[in-house]
Amino acid sequence: MRINFVSEHRMMGTVLRLVAGISIILMAAGMVMYLAGGGAGTGNGAFVGMSETLAGAMALEPVPMMTLGLVILLFTPVLRVMGALFSFLFAEKDPMYALISLGVLIILVVGMFLPSFK
Amino acid sequence: MTAFLLFLTGLLAGSFGALLGLGGGIIVIPVLTMLFHLPIQTAVGVSLVGVVATSTGAAIIHIRGGKADLKLGMLMELGTTLGAIIGAVIAGIVNPRILYLLYSCLVAYNAYSMYRTNVRYEAAASTDRASGDESPAVADRLWDPEENRDLFSYKVKNVPWGVSLSTLAGVISGLLGVGGGIIKIPVMYLMMGVPLKVATVTSNLMIGITAAASGFIYFLYGRIDAVVAVPVALGVFIGALAGAWVNTRISTGALKKIFVIVFIYIAIAMARKGLGV
């Protein structure tokens, strides 16, 4: 099997920097506020739900801000798969690898919904 | 204080990971379980966040160089993401003692693999010196920095085997919270005929996607505590950037020898936890 070398688009680098930057700012700001508020120990930062997290982050609550930063960080690799899909679809015009990237994306999305089927 | 120590753990894991060519997971998990006495499933979840931070941090540095092979990465990710999800689900069911024992085996293999690589690189470096070539980096000779897309193509062999072993790497990643590069890189380089540097950077793209696949499951099952994971992730991120910068300026041969001994110690300690002795 022959694979021609295809690299990630440079625009993807800019998007990654932006998204990773937002994630780091949220996590760092959340942590500083958590520590400033006298937060100590562990065990109170588990995920409570996306809508509660968003609402909490909007209200500048430290733990939801950190949680949202984590979610965004975990989402950055998904962005890279989406970038690959668009790159194969529009730049490389390679439907086979666009389909493969879509397959990876579907597996990732199914995985995200798996915990709700417990 | 706890948050600062967690940040320091991430910082060390990220920087040593970048210096030694490892994901941070292999350092984060022993520290969180042995020093912070966290359950191994929690440590694995936090480690997965660290792996994503490492991969994204490295991507930000490397993406301008355009070194990762997207086609190969996506093809192998079909198996790896599936494996990672299976691994994450199994990790929630299996007895933690089994996870400690598996982790011990992985760290021992890591020590062996690092020792072998060190010997191979030293042999290559001495051959280079004898022939008047001062460059010790084997990988750099396999990599053409002025790559041309039309010319830079290679015959990828053993694709079904590669994808199957990549699936196994995914299961290990989801179970034990490591990137799985220790399996993917040799598979791509030795079995599939991919140049070493391309295999390394493609593996880095893949470990982030793989860790995100299982990381979301850990997160949504409530196994990732933001208060623990955030200081570690921030530390890993900064450490990985610093380590990548230092890596180009120092020789890591001696450091690798020290870490071979550290990893043997960790492997024994984790095996004892697993066996309950």
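Start by selecting B:Phe263: beyond its neighbours within four places in sequence, it is in contact (heavy atoms within 4.5 Å) with B:Leu22, B:Ile26, B:Val107, B:Asn110, B:Ala111 and B:Met114. Before moving on, note that this is a predicted model, in which local features need pLDDT of at least 70 and side-chain atom pairs count only at pLDDT 80 or more, while totals for chains, interfaces and linings use all residues. Residues are numbered from 1 along each chain as its sequence is written, chains are lettered from A and ligands numbered from 1 in the order in which they are written, and side-chain values use heavy atoms, leaving out hydrogens and water.

Now widen the selection. B:Phe263 is among the residues with the most contacts inside the largest nonpolar core, together with A:Leu70, B:Ile26, B:Met74, B:Met192 and B:Val194; this core has 112 residues. A nonpolar core is a set of buried Ala, Val, Leu, Ile, Met, Phe, Trp, Tyr and Cys residues joined through side-chain atoms within 4.5 Å. Buried means under 20% relative accessible area, exposed over 50% and partly exposed in between (1.4 Å probe, protein chains only).

Which helix gives the most to this core? Select α9 of chain B, residues 196-220, which provides 15 residues. Helices (H or I, at least four residues) and strands (E, at least two) are DSSP runs numbered from the N terminus. Of the 25 residues of α9(B), 22 are buried, so the rest of the structure largely encloses this helix.

Next, show α7 (residues 159-176) and α8 (residues 181-191) of chain B, which pack at about 170 degrees with axes 9 Å apart. Axes are lines fitted to C-alpha atoms, for helices over the stretch in contact, and angles run from 0 to 180 degrees between N-to-C directions. The two helices are therefore roughly antiparallel, a term for angles over 145 degrees. On the α7(B) side, pick out B:Trp161, B:Gly162, B:Leu165, B:Ser166, B:Ala169 and B:Ile172, which meet B:Ile183, B:Lys184, B:Val187 and B:Met191 of α8(B).

Step back to B:Asn158, in the loop between β1 (153-155) and α7 of chain B. B:Asn158 is not a glycine, yet its phi is positive, about 50 degrees. At 40% relative accessibility, this residue is partly exposed.

For a last stop, go to A:Lys93, in the loop between α3 (62-91) and α4 (95-113) of chain A. A:Lys93 also has a positive phi of about 50 degrees without being a glycine, and is exposed, with a relative accessible area of 62%.

How values were computed: Parallel < 35°, antiparallel > 145°, perpendicular 65-115°, else oblique.
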